[in-house]
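Subject: Structure handover and notes

Hello,

Here is the structure for you to take over. My notes come after it.

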Amino acid sequence: MLMLDKRERLELWKRLGEKIEAYAEGVQAHRVAPELDPAAVRAALAGLDFDAPRGSGEALDFVVEMLWRYQMHTPHPMYFGLFNPAPATLAIAADALVAAFNPQAAAWSHSPFAVEAEQHLIRAFGAKFGFDQTEGTFCSGGTEANHTAVLAALTRAFPDFGRRGVRALAGQPVMYASSESHHSLLRAARVCGLGTDALRSVPVDGAMRIRLDALKEILHRDRKGGSVPFLVVGTAGSTNGGVIDPLPGLAELAGAEGLWFHVDAAWGGAAALSPKLRPHLAGIERADSITFDAHKWLSAPMGAGIFLTRHAGLLERAFAIHTDYMPRDARGLDVLDPYQQSLQWSRRFTGLKVLLPLMVAGWEGYRREIERMAALGDLMKLELEAAGWRIVNSTPLPVACFSGDADPMAVCARVVASGQAWISTTRLGDGGAPVLRACITNYRTGPEDVRALVSALKQARQTLAGTTNGAR
Ligand SMILES: *Cc1c(COP(=O)(O)O)cnc(C)c1O
């Protein structure tokens, strides 16, 4: 029952391929945002009778139909959203292959190719960031990678932490990141048992970059008060506005203060693949560890985070637990077991959705796409300004935060409701006013889409101002 017969399998693969192709081909003609109707989705699911199984083709058609209707179409070229890319064609194939072969990447001996391929990629990305040696692990995403960074930093600063926990430490461990850093750090502080108060939110300057003077001041006050600073996080491409913290200054300070220096480059890290953009990340090579998400600007489907560190053996110190039941077939070989180096135990071969597209596009293919999207971001900012919007963030990365004389929430709601595009609103800095936000991480987005967005914004603003006469 769980294995279909050959004729039906062949039919299913064919149908699956057709459905995927129809989506890739047709999504741009579809509205971007779905209807948000929980009752309708639940009613459709309630109509399924698991006591009366249906055919595989019918089941597939149902799911495909539901996906078309009830999801934000992040692969749509007019999705100007939160770094959710259109997946690379070969990455889609990679995820399907991984499901079919189902390698268990927890233990090297169960998946020599998967484990070595991921380690090969980790070293390759480490080299792109300027590390001379790299260890690391694929993660579910940036949140797990940031969590891993906090654990690695704790393990290095407090050798007893792993065995005796936080309570055995002489003082409260504290960590530092700007008020614009990603909130997964707050989560990490909580789930590592430090408590969210342990994350010191450092004020930013007018360009939304961490203030080194304020950081120093808070740090010295903490030390005087008996707390134990152990980690400073720089953001290389903030979620809100693509802001890059002064990484060389942070590296300097971390070195002088004996702190672990982590760089959260979850989406901005892709800039390392462009010689043109790489200088903006200067200082990242001095990091002790880096968070980098392939599922953001590298067009991998969801669930492809990467944690990189230049400290050999540290992940093992942070995570290794010895058991008798895990496979021992690789004993005596010079290899590592990923379950000993990460939060995950059983693990999917996540790296394949990075490896396969990289084999085909090459670094050059990625460089071209990253630079094209960055240039398109510049065009977007120019077009927005020409249409009377004020750009309020400053970044070489393709994200614009902007405001004008209309209520940003209302403009955003209108654009999204029109189905033409998806954008969002946010607030920059402490107590900042709401602004509109549009970001390009989709290789399918082109100049015509940017112009269509600007015109949709214009229309929304005019309608709100009551000055439209139905023209245009
Ligand atoms: C998206 C993001 C994260 C979180 O990553 P997930 O993959 O969503 O878990 C962390 N940091 C930054 C800067 C991000 O943009």
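Predicted model: local features only at pLDDT ≥ 70, side-chain atom pairs only at ≥ 80, totals over all residues.

Residues are numbered from 1 along each chain as its sequence is written, and side-chain values use heavy atoms, with hydrogens and water left out.

Ligand site

The ligand is surrounded by 15 residues, and the closest are Gly 142, Thr 143, Asp 264, Asp 293 and Lys 296. By class, the shell divides into three nonpolar, nine polar and three charged residues. In this scheme Ala, Val, Leu, Ile, Met, Phe, Trp, Tyr, Cys and Pro count as nonpolar, Asp, Glu, Lys and Arg as charged, and the others, Gly among them, as polar. Helix α6 (residues 142-157) supplies the largest share of the shell, three residues. Helices (H or I, at least four residues) and strands (E, at least two) are DSSP runs, numbered from the N terminus.

- A polar backbone atom of Gly 142 is 2.8 Å from an oxygen atom of the ligand.
- An N or O atom in the side chain of His 295 is 2.8 Å from a ligand oxygen.
- For the side chain of Lys 296, the distance from an N or O atom to a ligand oxygen is 3.1 Å.

The ligand taken alone exposes 380 Å², and the protein buries 86% of that. Accessible areas come from the Shrake-Rupley method with a 1.4 Å probe; for residues, only the protein chains shown count as cover.

Nonpolar cores

A nonpolar core is a set of buried Ala, Val, Leu, Ile, Met, Phe, Trp, Tyr and Cys residues joined through side-chain atoms within 4.5 Å. Buried means under 20% relative accessible area, exposed over 50%, and partly exposed in between (1.4 Å probe, protein chains only). The largest core has 91 residues, of which Phe 80 and Leu 457 touch the most other members. Helix α12 (residues 352-386) gives the most to this core, twelve residues. Beyond its neighbours within four places in sequence, Leu 457 is in contact (heavy atoms within 4.5 Å) with Leu 384, Trp 389, Phe 402, Val 411, Val 415, Ile 423 and Leu 436. A second, separate core of 29 residues includes Ala 145, Leu 185, Cys 192 and Leu 231.

Leu 151 lies in helix α6 and counts as buried at 14% relative accessibility. Not counting residues up to four places away in sequence, Leu 151 touches Phe 161, Cys 192, Ala 318, Phe 319 and Leu 343.

Positive phi

Most residues other than glycine have a negative phi. Met 208 has a positive phi, near 70 degrees. The residue sits in the loop between β3 (199-202) and α9 (212-224) and is buried, with a relative accessible area of 15%. Ser 299 has a positive phi of about 65 degrees and is not a glycine either. Its place is in the loop between β6 and β7 (305-309), and Ser 299 is buried at 7% relative accessible area.

Other loop residues

Arg 278 is in the loop between β5 (260-264) and β6 (289-293). Is Arg 278 buried or exposed? Arg 278 counts as buried because its relative accessibility is 19%. Leaving out residues up to four places away in sequence, Arg 278 touches Lys 128, Phe 129, Gly 130, Ala 271, Ala 272, Ile 284 and Glu 285.

Ser 181 lies in the loop between β2 (173-178) and α8 (184-191) and is buried, at 8% relative accessibility. Its side chain reaches the backbone oxygen of Ser 178 at 2.8 Å.

Ser 111 is in the loop between α4 (89-101) and α5 (112-129) and is buried at 5% relative accessibility. Not counting residues up to four places away in sequence, Ser 111 touches Pro 103, Gln 104 and Ala 105.

Regards

Notes:
Near = heavy atom within 4 Å. Polar contact = N/O pair within 3.5 Å; in protein donor to acceptor, adjacent residues only side chain to side chain.
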